[in-house]
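Please look over the sequence and the structure shown here before reading on.

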Protein chains: 4
Amino acid sequence: MQSLLNDILTEVQPLIGQGQVASYIPALANVDPNQFGIAVCDTEGKVTTAGQATTPFSIQSISKVFNLVLAVTYYGESLWQRVGCEPSGLPFNSLVQLEYENGIPRNPFINAGALVISDMVQSRLISPHVAMRDLVRKLSGNDNVLANTDVAESEFEHRARNASMAYLMKAFGNFHNDVEAVLHNYFHNCALEMSCVDLARATQFLANRGFCSLTKEAVLSQDHTRQFNAILATSGLYDEAGSFAFRVGLPGKSGVGGGIIAVVPGRFSLCVWSPALNKMGNSLAGVAALESLTRRINWSVY
Amino acid sequence: MQSLLNDILTEVQPLIGQGQVASYIPALANVDPNQFGIAVCDTEGKVTTAGQATTPFSIQSISKVFNLVLAVTYYGESLWQRVGCEPSGLPFNSLVQLEYENGIPRNPFINAGALVISDMVQSRLISPHVAMRDLVRKLSGNDNVLANTDVAESEFEHRARNASMAYLMKAFGNFHNDVEAVLHNYFHNCALEMSCVDLARATQFLANRGFCSLTKEAVLSQDHTRQFNAILATSGLYDEAGSFAFRVGLPGKSGVGGGIIAVVPGRFSLCVWSPALNKMGNSLAGVAALESLTRRINWSVY
Amino acid sequence: MQSLLNDILTEVQPLIGQGQVASYIPALANVDPNQFGIAVCDTEGKVTTAGQATTPFSIQSISKVFNLVLAVTYYGESLWQRVGCEPSGLPFNSLVQLEYENGIPRNPFINAGALVISDMVQSRLISPHVAMRDLVRKLSGNDNVLANTDVAESEFEHRARNASMAYLMKAFGNFHNDVEAVLHNYFHNCALEMSCVDLARATQFLANRGFCSLTKEAVLSQDHTRQFNAILATSGLYDEAGSFAFRVGLPGKSGVGGGIIAVVPGRFSLCVWSPALNKMGNSLAGVAALESLTRRINWSVY
Amino acid sequence: MQSLLNDILTEVQPLIGQGQVASYIPALANVDPNQFGIAVCDTEGKVTTAGQATTPFSIQSISKVFNLVLAVTYYGESLWQRVGCEPSGLPFNSLVQLEYENGIPRNPFINAGALVISDMVQSRLISPHVAMRDLVRKLSGNDNVLANTDVAESEFEHRARNASMAYLMKAFGNFHNDVEAVLHNYFHNCALEMSCVDLARATQFLANRGFCSLTKEAVLSQDHTRQFNAILATSGLYDEAGSFAFRVGLPGKSGVGGGIIAVVPGRFSLCVWSPALNKMGNSLAGVAALESLTRRINWSVY
């Protein structure tokens, strides 16, 4: 495994720094694009790494995975009355579909879906972003995980499109709490900073039928885990989800911080990170590394 | 395996006949809804069945899989310049997306995508529907496979929406041949009649890294097979693709004749058939049977 | 004129109360639907009335006309860089078009357009809704015109869709002020209560080449007045604008309070009011009264 | 009048040839852009001209006016069950709206609407394009009016988008005849060649309450004439209709051949022609000439 990751690092070296770092807020725009890390965690908790695998980065939309874990815990199957599980076919932040489909987002991994999930969690918890932080600390075994409040506040200032989506869902009756309060928590979750190692550990349960080998607890049931991976496979990379399935063939979730988590069901969880993004908003070197990996050892689920 | 299929047959018995038989043409509307068959083919070619697994039915959109095989044979990777590999998020026959995306269909399994694939094949073959018939005869080992010309002609008479899509792509320069000629072949392919056993055999290569154990030939390369399965997983069941991944978790392709093929990569190809359809246009009892199967023995890829 | 209005009142009597009173806020839902008034003001300021022409009602979207007057005063032609002058072809509160057209509303009389106009006015005035109230008091000669703060507050509570539109425009850079502050003023303007007589007088300048005979001042230039009437003619009645041109043939603007103002350029301004609305959200008896009027004396501009 | 037209010709001289001649078919692409003509016809039939007012040009979409006359003759009010009278808000040849609104075109002056009108006429006449030719010959008093069959055939070859729309309406049940047969007639109507003088005379009835002073016959009833002008005012210039109302303020209809007819109800019909088009597909110098005209003598209806 170590030599495999070393080989991949060598292979993608020329791609590191290609693409564009997310620039819609200063805190993300200033990140050095010439960074790359990868970590693989097996079902017994053994972690192998290459590159800058212990450098924390902004997890951004990868937080949607943990957010959904919280919501499933509180709502179970009834969750799916307020959000679908279909790919969207449109950019992650489009309002068109939301209007035509009466405020029910297509899936929990586009922004509108994650916002409705956040709204649901908000209805049950006093401080959702603290609960989220505690969850990822527990799952990663790293008690130092923190949200970057500068990033959270900067995202809040640039909240216009997410606020627009939240209010549109409210107009359709599918958003129950105060929009600004939910966005406050939502952006704090996005601003969590974790390393590749942290995220590979924290998502191990997805490769392990719901069981976390660190805490020795079931995070999700086996059925829910399978469903999570199914939605990650069809909707985890925005409107590049099909292409990611085509090239990589693993359930996965990306964030504009340059991180991507991926799952080899029954075997491994992975996290790769490199800040510069391709045109679809996913880590350019990160996607390439995952593609190299599935090509080398045929880890694709397909 | 035999007892597994028997158990599934017993379990879905109450669902057989529920839903609606496709009614847009008389030849399909008159099919007896109270039929059900299932066949599983392993990678050595051994077939296990339950129910009416040798009754031929109209394969309809399942033909899109074989059509894509022909196109890959002739065009290789350049195929993807004229059609995408992303889920569509809209009904299978919508023109909206096609117009916004300048005549490039989202994927080869929505109607617009299958039409452009047919147009590509038409550019290389004198008689595409004969080539298709010969291909499925060879892959299924059944030399009696035939298209039902009554069905083909009836579909041609009701061609308006498909013709509209083809002409729209032509307006964008992404359709090169005569629309009516391509539709003629397209509808003949849809009108092929095959049984569950025929289809399980004919799609075995998808479970077998591209290799057909019957003909002892590679139908597709291993990489292309993985890509086929990826697109089947994200786009094979129209706008129910996400829900099918969620419930069943296998690459698959459905047709309005009530058939669904599915793939357990590395292990099995399957075909289930029952003519009555759910609201999304997929076999109601068929989807339930596949869901039962993956729940019973955890065949999901996720 | 008096007998004409009496005849129209008699003719539309059976329609009064037909349709549905606006029900999205309680303050509007409780209005008695069995009311009707009409007032006509000629270019010398002479007013003729029938029915309950001096009963104040909630002017709602008719306020968009006065809002645009304020904006033209401050911005002149540069106004049209931030809002178009084309009919929308979609419901008055749709976000679809706004997203496809990058946050530039189609015209100032759909909600998105009126919100951007309010945002512009907000950039120039400390208290826009006081300026608006003073404007309509001056133009109508009625110093008792007031906004109903219960209505304004209730509308603010139900602001979700308007807030969604404002935030979407902000995401595109076409909304500069605090969304809630602008909505506060916007809803106060909508909540102004005026009678048919007040509104016929206050819009007389549109029939009089921009000149108000009461104040003896030019409200708009002759060119701007012509342009105002053109936009009212193509976009004043939401997605019923074409039908209103077809049936009535006058520039006009409706509100969900049941009022409609209309203009016979060079001759008369009119206001008709009856609270029950047709399916498009315009006063059912009001549209019928205007149709009767143009049919009887051929006042149509066409 | 003569000196007015001379002044306008002088004023727009620098604009003649600016813009782009329609280039989608060779027969139109080869027209000399440096041409301009204008003709005004009063309600007694007196014609005043400037520039190349007797040069025939391809009337293209202006034919939709005469097509609608034929349809009203045969169908009366029932016509409006198959086509609306609302502005479209989208480009003239978009399919998006048609799909969302179930195959009912927004109005008779966008392509989809004109096609359904042609389909209706086809249901009543053996040879619609001959009937159309005879109608415009009669109304213009010019027995030499002919369709350019090269243009008609070239348009038919480039029929893809129009065919797509016709088939989409057929899929919704709103198109009854053979698509190619209707398109054949449709393109022959578009290919009629008439001069400014011909068109000013042929549309005089729109300025004259439906009465043609040449034939001394009512072409339309007074009510229908008012309705025609209303639709021309809200929908006659595609997605520039609102801007045309704003700048010019007259009912009008444009064609990609560079002609525009306009109506001053009760007073004049006009035709202006210059082949080079603005970005919206309307004659650049032609719109400017009409704007100059209404500014000079305040002919706007608003």
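The paragraphs below take up these topics in turn.

This is a predicted model, in which local features need pLDDT of at least 70 and side-chain atom pairs count only at pLDDT 80 or more, while totals for chains, interfaces and linings use all residues. Residues are numbered from 1 along each chain as its sequence is written, and chains are lettered from A and ligands numbered from 1 in the order in which they are written.

Chain A has 14 helices and 10 strands, where helices (H or I, at least four residues) and strands (E, at least two) are DSSP runs numbered from the N terminus. The radius of gyration of chain A, taken over C-alpha atoms, is 18 Å, close to the 19 Å that the globule rule (2.2 Å times the number of residues to the power 0.38) gives for 302 residues, so chain A is as compact as a globular protein of that length. Along the principal axes, its C-alpha atoms fill a box of roughly 55 × 40 × 35 Å. Of the 302 residues of chain A, 62% count as buried, meaning that 20 or more other C-beta atoms, placed from the backbone, lie within 10 Å of the residue's own.

Between chains, 29 residues of chain B are in contact with 29 residues of chain A, contact requiring that the C-beta atoms, placed from the backbone, lie within 7 Å. Helix 12 (222-235) and helix 13 (241-247) of chain B each supply at least two residues of the side that touches chain A, and helix 12 of chain B gives the most, with 8 residues.

In chain C, an open sheet of 5 strands has the order 2-1-10-9-8 with antiparallel pairing, two strands being paired if DSSP finds at least two bridges between them. Strand 2 (47-51) and strand 8 (252-254) of chain C stand at the edges, each with a single partner strand, so one side of each has no neighbour in the sheet. Strand 1 (residues 37-42) of chain C is joined to strand 2 of chain C by 5 bridges, and C:V40 has C:T48 as its bridge partner in strand 2.

Chain D holds an open sheet of 3 strands in the order 3-5-4, again with antiparallel pairing. Here the edges are strand 3 (57-58) and strand 4 (146-147) of chain D, each of which has a single partner strand. Strand 3 of chain D pairs with strand 5 (residues 192-194) of chain D over 2 bridges, and D:S58 stands opposite D:E193 in strand 5 of chain D.

Terms used: Contact = placed C-beta atoms within 7 Å. Buried ≥ 20, exposed ≤ 12 C-beta atoms within 10 Å, placed from the backbone.
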